[in-house]
Amino acid sequence: MSGMVAMTLAEADALARTVLESRGLAPDHAAAVARTMVAGERDGCASHGLYRLLVAANSIERGVVVPDAVPVVSEPAAALVRVDGKGGFAQLPFERGLPLLIEKARKFGIAALALNNVVHFAALWPEVEALTDAGLVGLAFTPSHSWVAPEGGTKPVFGTNPIAFGWPRPGGHPFVFDFATSAVARGEIELHRRAGKTIPPEWGYDAEGHPSIDPKAVLDGAMRTFGGHKGSALAAMVELIAGPLIGDMTSAESMAADEGRMGSPIGGELVIAIDPAGFLGASVEDHLGRAEEMFGAITGQGARLPGSRRYVARAKSDADGVRIPAQLHQDILALLEGE
Ligand code: NDP
Ligand code: PYC
């Protein structure tokens, strides 16, 4: 099958919610999960867009996720929020913890949110954009499944362990980056496999530890970190601060807990919110203006800011809707038929 299928954002949202609910996900979870998938598709992040309906359906079907989990919000310390997701997808627990995280960051200058016991398959930029929307600086981290070899080795230890950062900007889109600490997100390799395309040899190793251009061989072998030992150290940091530090799983523990079901990662996420006014008080505007000078020095020489591609894609999708591969559309519709 070839070609693309076009839909409005409202149609994409309705499709995502209908599929998720038809697979047994509670309506409040389905709405929160659909919001991030449609946002991913809208922003041109296909690896974390509607394709993830197939991934989420698998996690539901195989009992990896608790479809009607009720998140529980608590305050382990004055500037800390914890949300126990009770085994559900991460999106609703994040939405439930966000208002308290913002309130605490404004009160104390800095606050952190731990999501525990959640199933996570999504991009992290929605989390940090929710903070920049509130005028806060945001950081987010989550381990995944042990798919990635440390630099110098060829056997998986780390997850693809993304790091996201957001900086609010006056009158414009925030500065946001969000990337895996692996050479590329695993979802990107999966999309190459679906499209029958090869991958660059520096993305990973086959099961024998040889560099490979075959996506399936790398999915079955080990992915590599980005930037050699630097990405490897950052991947280890994500394991530590969004795993043991918040009382949750490492990527290896998540993989063991999956018990071969090929579900999405199970574990935690750490989100940190910083209020610029905490350090700067009344002079906040003066100092944040200097950040704008730095951004100007980047764009002034023709380089682009991270996030800028997404904002262009967002404007286009808001006007024209989105287009997904016909084969993916058919696979999504098949989830409805297989109820
Ligand atoms: P990419 O390498 O595609 O992009 C990462 C970031 O770099 C984006 O912020 C992007 O901005 C920016 N960027 C890319 N090219 C340039 C450039 N030329 N100049 C400036 N900035 C640039 O991301 P990954 O494949 O590493 O990750 C994709 C997604 O997968 C992320 O959203 C991540 O959160 C998610 N993920 C989730 C995991 C989980 O466990 N939940 C695990 C791993 C990944 P822009 O968006 O504007 O292009
Ligand atoms: O693309 O690496 C990935 C990923 C893992 C969990 C969610 N996305």
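1. For the classes used below, Ala, Val, Leu, Ile, Met, Phe, Trp, Tyr, Cys and Pro count as nonpolar, Asp, Glu, Lys and Arg as charged, and the others, Gly among them, as polar. The shell around ligand 2 then has four nonpolar, five polar and one charged residues. Its members are Ser-47, Phe-121, Ser-144, Thr-160, Ala-180, Ala-185, Arg-186, Gly-187, Ser-264 and Pro-265; a residue is near a molecule if its C-beta atom, placed from the backbone, lies within 6 Å of it.

2. The model is predicted: local features need pLDDT of at least 70 and side-chain atom pairs count only at pLDDT 80 or more, while totals for chains, interfaces and linings use all residues. Residues are numbered from 1 along each chain as its sequence is written, with chains lettered from A and ligands numbered from 1 in the order in which they are written.

3. The protein is divided into domain 1 (1-61 + 307-339) and domain 2 (70-182 + 225-305), with bounds that come from an automatic or database domain assignment. The C-alpha centres of domain 1 and domain 2 lie 23 Å apart. In the interface, 17 residues of domain 1 are in contact with 20 residues of domain 2 (contact: C-beta atoms, placed from the backbone, within 7 Å).

4. On the side of domain 1 that touches domain 2, helix H2 (27-42), helix H3 (52-61) and H12 each give two or more residues. H2 gives the most, with seven residues. By class, this side of domain 1 has seven nonpolar, eight polar and two charged residues. Helices (H or I, at least four residues) and strands (E, at least two) are DSSP runs, numbered from the N terminus.

5. Where does ligand 1 lie? Both domain 1 and domain 2 give residues to its shell, so ligand 1 lies between them. The shell has 28 residues, the closest being Ala-123, Phe-179, Ala-180, Ala-185 and Arg-309. Strand S7 (175-179) and helix H12 (308-320) each supply at least two residues. The division is 15 nonpolar, eight polar and five charged.

6. Seven strands form an open sheet of mixed pairing, in the order S2-S3-S4-S10-S5-S6-S7; two strands pair if DSSP finds at least two bridges between them. Strand S2 (72-77) and S7 are the edge strands, each pairing on one side only. S7 pairs with strand S6 (residues 163-167) in the antiparallel sense over five bridges, and Ile-163 has Phe-179 in S7 as its bridge partner.

How values were computed. Contact = placed C-beta atoms within 7 Å.
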